[in-house]
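Please look over this model with me before we discuss it. My notes are set out as numbered points.

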Amino acid sequence: MAKEKEKDVLLHVENLKMYFPITKGIIFQKHVGDVKAADDLTFDIYRGETLGLVGESGCGKSTTGRAILQLYTPTAGKVIFRDADGDRDLAQTSGETLRRLRRQIQMIFQDPYASLNPRMTVGSIVSEPLEVHNIDNSAKRLKRVRELLNIVGLNPYFINRYPHEFSGGQRQRIGIARALALNPDFIVCDEPISALDVSIQAQVINLLEDLQDKFGLTYLFIAHDLSVVRHISDRIAVMYLGKIVELTESDELYANPLHPYTEALLSAVPIPDPAIEKKRQRIILEGDVPSPANPPQGCNFSTRCPKFIEGKCDTKDPAFQEVQPGHWVACYLYEGVHK
Amino acid sequence: MFKFIVRRILGFIPVILSVAAITFFASKAIPGGPFDFAGDRSLPEEVVKNLEAKYHLDWPGWKQFTSYMIGDELTIFRTKHEIDDVNVFIEGDKAIVNGNVMLLDNKTLCKESGYIVYGGFTIFDLDTEACGTSQGVIRGDLGPSFRYRARTVNDIINETLPLSAQLGLWSILVGLIIGIPAGIVAALHQNTIWDYLATFVAVMGVSIPSMVLGPVLIVIFANNLGWFPVAQWGAKPPYFENMFLTPGFDWINYFSHAILPVLTLGTGISAVFARLTRASMLQIIREDFIRTARAKGLHEQVVIWRHALRNSLIPVVTILGPLAASLVTGTLIVEQIFGLNGLGKHFVQSISNRDYALVLGTTLLFAVLLVISNLFVDIMYAWLDPRIRLE
Amino acid sequence: MGRLLEVNNLQTQFFTQDGVVQAVNDISFYLDEGETLGIVGESGSGKSVGVMSLIRLIPIPPGKIVGGEVIFDGQNLVKMTDNEIRSVRGNRIGMIFQDPMTSLNPVLTIGRQIMEALELHMGMDKTQSRKRTVELLEKVGISGAADQVDRYPHQFSGGMRQRVMIAMGLSCNPQLLIADEPTTALDVTIQAQIVELVQKLQEDLGMAVIWITHDLGVVAGIADRIIVMYAGQTMEEAPVRELFAKSRHPYTHGLIASLPRLDQRSGKLESIEGLPPDLVDLPKGCPFYARCKYRIPKCDKQRPKLDEISPGHYVACHIDINKDSITTEHPWEEDKE
């Protein structure tokens with residue numbers, strides 16, 4: 001898996017910031033603050049791996065995905081995409097160059113009900129990216145659409161049907177077929193299974209894994225469900241209030257969580273096994289996540305942290321550093337611990 | 001809250017100014033003028049010219065507009081005109097013509113026409129007291145009517161608005177009293193005979209125009225049954241004094257006059273309210289918090305009154321604003337059918353008469369009422385829904 | 001522990017334009033005092049409608065309880081008059097719902113919404129009910145409750161609103177609390193708070209809890225017994241440990257195997273292919289037939305009865321997955337057009 005290809009970075013994100021300004025007034029807009037949805041994120045995504053991005057609602061995980069895809073224009077930072085043509089900073093590209101790069105970068109959305117145009121047939125939804133990028137003639141496109149539907153486990157017989165005739169899981173397959181149409185290298189999966197029923201979730205997870213093996217895809221898998229992220233990801237980044245607090249391989253994260261938030265998050269996830277559940281000791285966090293428009297002084301987690309150090313955590317942001325090989329964390333508990 | 005209201009009222013000023021400017025220049029753009037005809041015959045050219053001069057229609061557009069908005073320095077007691085090389089200056093009952101003071105008595109006035117005649121020229125029209133001058137809209141003076149001699153737009157509005165407003169407010173009240181309960185009943189008994197009945201009546205109410213309903217009501221209740229009088233209003237201006245300060249005011253007479261026009265106008269309104277209430281009630285009673293209320297064991301009536309009604313009134317309140325503004329300023333058809341001297345007809349006639357001042361006056365009145373009722377709607381929203389905060 | 005609730009052959013249908021939706025199709029179960037019962041199922045399994053039918057909280061029409069009885073504390077709730085059932089709701093049976101954002105009335109203060117149940121069922125006056133409301137809010141972990149009673153729901157976070165809902169559900173000291181997916185809309189750390197709170201309150205107050213969820217993980221930790229529902233029917237019912245360790249129904253088995261687990265690095269997930277049946281047009285036989293790997297011809301013809309295979313363990317299945325072998329690897333492919 002990722003281990004052998006560790007140095008083969010596909011996407012390098014550096015100091016990525018995505019701020020949404022808060023303004024007041026109608027005519028003269030006064031800038032009164034920012035919602036720091038993604039605040040100074042630095043990480044790599046290796047070719048062929050799945051990087052899980054996990055966090056609770058409002059932590060900025062979806063925004064990060066969209067900022068990487070340039071669906072939002074990042075406030076600052078670099079998003080360097082590396083392929084055969086060399087390194088390119090997506091944040092600095094625009095127009096035709098960006099449009100060409102977009103072929104290699106696709107997205108799968110959370111809501112299979114809202115993300116498909118209800119007035120388009122399945123065939124036209126899946127072939128749209130091919131048309132937009134002027135690939136093939138219509139006969140070849142039709143052939144390609146049939147092939148794609150087969151790949152995602154839908155009967156090509158359904159090509160002329162409309163999205164509302166399908167169940168949630170089948171719609172998500174249509175969304176996946178659309179994302180695959182241009183043979184991308186990299187797919188951002190934004191909560192692709194959270195709207196689906198349990199027995200359907202496994203179908204979609206398996207499909208995504210099969211496709212990764214078949215086409216050598218790289219995924220950024222954004223989700224709030226840690227069990228699912230642990231299952232599908234090679235490495236996991238944990239986000240809290242716009243920041244990545246911990247990043248490491250998924251087995252390591254479960255076995256050896258360093259950040260107090262990761263610990264609490266792991267302990268809060270229920271395990272479908274009563275024998276284990278009865279014995280588990282939960283870390284119950286107090287209170288709610290603070291507003292991203294008004295984050296606390298110092299470490300963002302300081303207001304809820306069970307291991308809070310006064311005079312330290314509430315003064316300055318802890319640095320995001322590699323404390324063990326491949327294990328990054330932003331916490332004062334590991335200050336001075338070197339790899 | 002107070003700050004919100006003050007801010008909103010300040011915000012009205014540019015709106016009203018724009019409405020005034022657009023209406024002013026748009027009405028001037030229509031070919032023809034107010035003095036093209038007097039009855040059937042056209043006026044002599046020089047008379048028209050003098051009249052136009054009197055009303056400043058010979059001024060450039062921008063100057064007319066500013067004089068209309070902020071008034072000119074001329075008042076009823078102090079007018080100055082330059083017509084050809086005659087210099088006229090009028091102060092009270094004296095006119096100073098080319099430096100000579102002359103009394104404005106019967107000799108100098110041409111009685112029939114009301115023009116000052118000097119040296120064979122008709123130089124000035126003293127027919128109206130307003131005399132082509134205005135205090136300006138900012139001081140509440142909407143200027144003289146070009147058509148109704150001797151009356152200002154303010155006079156006309158003062159005479160006709162109170163009647164129209166009474167008719168409009170009663171009709172809205174009838175609309176609310178009939179429409180909202182009908183809508184609630186229809187929603188709570190969805191797809192039963194009550195729902196179909198209410199929906200049927202509502203569709204009828206919306207689709208039968210008042211020019212049909214009014215005469216039908218007159219024929220049935222006035223002509224055949226003789227229960228109610230056909231025309232006129234059961235109170236005389238000034239209405240407030242007459243109705244509320246006069247002991248022994250004949251309320252029965254008042255309502256017997258009012259009932260047919262109010263029903264004619266109110267039926268359509270209640271139909272609109274019923275449909276809105278039904279639709280929003282149907283949506284609200286499917287909300288989760290209604291299920292919560294039922295899960296508490298509350299009686300169905302409490303669920304509806306305490307939990308559903310306030311939420312479902314929001315769309316009704318939304319249309320109440322514009323509806324109130326347009327009803328209060330009069331409805332031509334109903335007023336005509338019942339022979340009521342309301343404001344409605346002036347909206348229509350002022351335009352065909354090219355009575356610029358009256359066009360502007362009625363439009364401005366409507367605009368002001370509209371923004372005020374919308375402010376009222378916003379305050380109602382905040383009262384109905386605490387999530388809306390007035391800032 | 002005495003028997004608190006007994007549901008026999010409950011059947012709820014919705015009469016719609018598309019036909020009769022058989023939302024709950026002949027379910028029977030029981031609940032003892034102080035016990036926690038987990039009801040698990042996917043959307044459309046009838047788990048919510050089934051439990052709502054207990055206190056007749058389904059919209060009528062189009063819904064209708066067409067058969068069965070619900071014996072709560074010796075009385076049949078199905079046969080009660082409207083007034084009688086209202087005196088049970090919110091009083092002896094409390095409820096909390098899935099979405100705390102939409103389940104509270106946005107235009108009334110939270111205090112008002114809690115107080116009205118107290119005034120109705122406990123005959124309290126304004127002062128008494130207000131005092132009790134403040135106590136309740138403190139009990140569910142809302143700090144500074146005295147200042148919070150007059151605030152509106154939108155001024156609280158999702159987790160706090162669910163605490164308000166819990167205070168409301170528990171206001172009259174119910175014997176039974178029905179929790180309909182109370183943590184589904186919440187983040188996992190908030191879910192842990194709410195689960196802990198309900199468990200603590202259950203210990204203090206000694207009430208029984210029916211916990212409806214689609215998440216087997218949540219009920220694994222809190223339920224004494226679990227019912228697995230599918231297409232309006234009970235597929236399997238068992239004490240919690242037995243259900244996870246020795247599930248006998250192919251659906252339950254598939255459901256557990258399809259869950260990724262945090263504590264294990266699993267290989268490929270076992271997935272249940274295909275889709276649940278249309279509730280308007282249920283098959284004559286077992287509703288899971290079309291997706292079942294173990295199916296035999298009999299399953300298509302005859303609906304299996306819920307049999308007790310060991311004490312407290314009921315299964316509705318013609319075959320024994322421990323003895324019988326898989327008959328088809330991908331059953332759903334055969335049905336494809």
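1. Ground rules. This is a predicted model, in which local features need pLDDT of at least 70, side-chain atom pairs count only at pLDDT 80 or more, and totals for chains, interfaces and linings use all residues. Residues are numbered from 1 along each chain as its sequence is written, chains are lettered from A and ligands numbered from 1 in the order in which they are written, and side-chain values use heavy atoms, with hydrogens and water left out.

2. Salt bridges overall. Side chains of opposite charge can pair when their charged atoms come close. Here a salt bridge is a side-chain nitrogen of Lys or Arg within 4 Å of a carboxyl oxygen of Asp or Glu. Over all chains, the count is 36 salt bridges.

3. Arg225(C) and Glu35(C) form a salt bridge, 2.7 Å from N to O. Arg225(C) is in strand 9 (residues 225-230) of chain C, and Glu35(C) is in the loop between strand 2 (19-32) and strand 3 (36-40) of chain C, so the pair ties together parts 190 residues apart in sequence. Helices (H or I, at least four residues) and strands (E, at least two) are DSSP runs, numbered from the N terminus. Arg225(C) is buried at 6% relative accessible area. Glu35(C) is buried at 8%. The cut-offs are under 20% relative accessible area for buried, over 50% for exposed and partly exposed in between (1.4 Å probe, protein chains only).

4. A second pair in chain C. Asp82(C) meets Arg56(C) in a salt bridge at 3.2 Å, N to O. Asp82(C) lies in helix 2 (residues 82-88) of chain C and Arg56(C) in the loop between helix 1 (47-54) and strand 4 (63-72) of chain C, so this pair links parts 26 residues apart in sequence. Arg56(C) is buried, at 15%.

5. Arg92(C) and Asp73(C) make a salt bridge of 3.0 Å, N to O. Arg92(C) is partly exposed at 23%. Asp73(C) is partly exposed at 35%. In chain A, salt bridges with shared partners join Asp39(A), Lys243(A) and Asp317(A) into one network.

6. Helix packing in chain B. The axes of helix 4 (residues 153-188) and helix 8 (residues 251-284) of chain B come within 5 Å and cross at roughly 40°. Axes are lines fitted to C-alpha atoms, for helices over the stretch in contact, with angles from 0 to 180 degrees between N-to-C directions. The crossing of helix 4 and helix 8 of chain B is right-handed (the near helix is turned clockwise from the far one by less than a right angle; anticlockwise is left-handed).

7. The interface of chain C with chain B. 28 residues of chain C contact 19 residues of chain B, with contact meaning heavy atoms within 4.5 Å. The two chains bury about 2100 Å² between them, 59% of it on carbon and sulfur atoms. Buried area is the accessible area (1.4 Å probe) that two parts lose on being put together, summed over both. Arg86(C), Val107(C) and Glu116(C) supply 27% of the area that chain C buries against chain B, more than any other three residues. Glu116(C) also meets Lys296(B) in a salt bridge, 2.7 Å from N to O. The count between chain C and chain B is two salt bridges.

8. Chain B as a whole. Chain B has 14 helices and nine strands. Of its 391 residues, 45% count as buried.
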